[in-house]
Amino acid sequence: MVPPVAVSPLIKTARWSALLLGFLYGKKRFEYLKPIAEEERKIEEAEKKAREERERIQKQLAEANSDTILK
């Protein structure tokens with residue numbers, strides 16, 4: 001095995017700085033996107049309830065139409 005190469009302190013500092021800046025950017029971006037995602041979830045929940053209600057009504061209508069003496 002080859003012995004490890006000494007890494008320049010400038011490169012180490014740049015790596016740690018990039019890591020910390022990435023964390024800060026990620027936190028800022030998350031805080032920006034969080035309310036948007038919450039609003040989308042609320043809209044999707046309302047649409048889901050409406051869709052389930054329509055499906056329930058359609059099912060009831062199909063059952064009512066299929067319950068005839070003429071089978």
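This passage looks at the salt bridges in the model and at how exposed their partners are.

The model is a predicted one, so to speak a calculated picture: local features need pLDDT of at least 70, side-chain atom pairs count only at pLDDT 80 or more, and totals for chains, interfaces and linings use all residues. Residues are numbered from 1 along each chain as its sequence is written, and side-chain values use heavy atoms, with hydrogens and water left out.

Side chains of opposite charge can pair when their charged atoms come close. Three salt bridges turn up in this structure, each being a side-chain nitrogen of Lys or Arg within 4 Å of a carboxyl oxygen of Asp or Glu.

One of them joins Lys 27 to Glu 31, at 4.0 Å from N to O. Both residues sit in helix α1 (residues 9–66), four residues apart, or about one turn of the helix; helices here are DSSP runs of H or I, at least four residues, numbered from the N terminus. Lys 27 is exposed at 53% relative accessibility, while Glu 31 is partly exposed at 41%. For these words, buried means under 20% relative accessible area, exposed over 50%, and partly exposed in between (1.4 Å probe, protein chains only).

Further along comes the pair Glu 45 and Lys 49, with 3.6 Å from N to O. These two also lie in helix α1, four residues apart. Lys 49 is exposed at 54%, and Glu 45 is partly exposed at 45%.

Glu 53 and Arg 56 make another bridge, their closest N and O atoms being 2.3 Å apart. They are three residues apart in helix α1. Glu 53 is partly exposed at 36%, and Arg 56 is partly exposed at 39%.
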